[in-house]
Amino acid sequence: MIRRPRRNRQTEAIRNLVQETTLGINDFIYPLFVIEGQNQRVEVASMPGINRFSIDTLQEEVAACVDLGIKAFAPFPSIPEQLKDKYASQSHNPEGLYARAIREIKKNFPDVAIFSDVAMDPYSSDGHDGIVENGVILNDETLEVLGKMALAQAEAGADVVAPSDMMDGRVAHLRHVLDENGYQHVGIMSYTAKYASAFYGPFRDALSSAPKKGDKKTYQMNPANSREALLEAELDIAEGADYLMVKPALAYLDIIKSLRENSHLPIAAYNVSGEYAMVKAAAQKGWLDGEKAMLESLLSIKRAGADIILSYFAKEFAQLQQR
């Protein structure tokens with residue numbers, strides 16, 4: 001045999017030299033959950049090791065993460081039910097929970113990057129990403145709310161707004177609103193291919209943001225479709241997106257690869273709550289090695305072509321790198 005591929009696997013030193021894909025802490029954005037109150041740190045039951053933080057304890061968590069080398073964060077708000085309404089008015093309240101949380105992080109940690117979430121569902125009494133009329137999600141009317149939301153987040157200090165709503169035309173609308181108000185420097189990370197997935201359950205538990213009626217299949221993508229992701233990417237690029245995102249990650253590695261091969265924009269992938277919870281639950285049962293499964297999962301996302309990974313594993317990964 002002239003070719004023996006095992007020659008390049010025989011020692012750790014050689015394996016490291018020929019390794020094609022590497023993970024580093026700079027690849028990650030760490031999602032965080034924020035709640036009202038003082039001195040609150042409440043674990044999400046379906047996401048072991050992940051907590052909801054009040055704004056004061058959130059600063060402690062960010063500080064710990066910064067010490068580990070994490071410099072990018074994606075906060076998500078858990079809004080009290082009594083503050084939710086049909087038009088998600090709290091989403092653009094400059095004194096609301098989300099704006100206050102962003103301002104406090106940027107005040108204490110001016111060098112970190114904040115990727116803010118633009119979607120109505122955490123603030124909506126209907127639990128949908130758009131305005132609901134007679135069971136129908138109104139696209140163009142929703143854009144007006146999203147624009148107000150993105151502007152409030154930019155004013156609070158967000159570096160990049162991330163529309164996760166999947167309304168048509170939202171990237172162009174947000175770009176127009178931001179530019180018109182002097183926020184040309186604020187980027188847009190579009191949830192370009194966000195699928196109607198079963199893997200969002202723990203996240204919705206964390207924020208109490210599940211739809212009150214129906215589902216999200218009229219705006220989130222059909223898991224059976226891949227070419228449609230290229231159409232969404234083409235539109236987002238034309239409308240001014242600075243990053244493209246695929247969500248979820250592990251069940252859609254082919255979509256990550258497809259966007260990577262068809263765009264020069266940075267590609268992000270969201271390693272979502274259900275993907276995190278599966279690994280944690282199996283590890284707690286002793287059915288697999290949680291640490292090794294985490295690393296293999298994250299590596300697969302990077303190998304598929306993601307430049308950026310949003311993952312609840314980010315802090316654990318960073319801690320592992322410091323051993």
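## A guided look at a predicted fold

N39 is exposed, because its relative accessible area of 62% is over the 50% cut-off. That residue makes a handy starting point for a tour of this protein, which is a predicted model. The secondary structure comes to eleven helices and twelve strands, and 54% of the 323 residues count as buried.

**Overall shape**

- The radius of gyration of the protein is 20 Å, which agrees with the value near 20 Å for a compact globule of 323 residues.
- Along its principal axes, the C-alpha trace spans about 70 × 45 × 40 Å.
- Take the contacts in the protein between residues with a separation of 6 or more: 73% of these contacts come from residues 24 or more positions apart.

**Backbone details to look for**

- N39 is found in the loop between β1 (28-35) and β2 (41-43). The phi angle of N39 is near 55 degrees, a positive value in a residue other than glycine.
- A88 also has a positive phi without being glycine, with a value near 50 degrees. You can find A88 in the loop between β4 (72-77) and α3 (97-108).
- Is A88 buried or exposed? A88 has 0% relative accessibility, so it counts as buried, the cut-off being under 20%. N39, in contrast, is exposed at 62%.
- A cis peptide bond joins K247 and P248, with omega at about -5 degrees. P248 lies in the loop between β10 (243-247) and α8.

**Two helices side by side**

- Helix α8 (residues 253-262) and helix α10 (residues 290-304) have axes that come within 8 Å and cross at roughly 30 degrees.
- How do we describe that crossing? Angles under 35 degrees count as roughly parallel, and α8 and α10 are therefore roughly parallel to each other.
- Which residues make the contact? From α8 come L253, I256, K257 and R260, while α10 brings S300, I301 and A304.
- Sorted by type, the residues of this contact of α8 with α10 are four nonpolar, one polar and two charged.

**A residue with a database note**

- In an unreviewed entry, UniProt lists E232 under "binding site".
- E232 lies in helix α7 (residues 227-239).
- E232 is buried, because its relative accessible area is 13% and the cut-off for buried is under 20%.
- Which residues does E232 touch, leaving aside its neighbours within four places in sequence? E232 is in contact with M166, T192 and M221.

- V279 is found in helix α9 (residues 273-284).
- With a relative accessible area of 10%, V279 is buried.
- Setting aside neighbours within four places in sequence, V279 is in contact with L288, G290, A293, M294 and F313.
- V279 and S297 are 18 residues apart in sequence, and their C-alpha atoms are 9.3 Å apart in space.

**Places to revisit in the structure**

- For burial, look up A88 at 0%, V279 at 10% and E232 at 13%, then turn to exposed N39.
- For helix packing, follow α8 and α10, whose axes cross at roughly 30 degrees.
- For backbone geometry, stop at the cis bond between K247 and P248.

Notes
Residues numbered from 1 in each chain as written. Predicted model: local features only at pLDDT ≥ 70, side-chain atom pairs only at ≥ 80, totals over all residues. Heavy atoms only, no water. Axes fitted to C-alpha atoms, helices over the stretch in contact; angles between N-to-C directions. Helix = DSSP H or I, 4+ residues; strand = E, 2+ residues; numbered from the N terminus. Parallel < 35°, antiparallel > 145°, perpendicular 65-115°, else oblique. Contact = heavy atoms within 4.5 Å. Nonpolar A, V, L, I, M, F, W, Y, C, P; charged D, E, K, R; others polar. UniProt positions renumbered as here; feature names shortened; annotations may be inferred. Buried < 20%, exposed > 50% of the residue type's maximum accessible area, 1.4 Å probe, protein only. Rg over C-alpha atoms; globule rule 2.2 N^0.38 Å.
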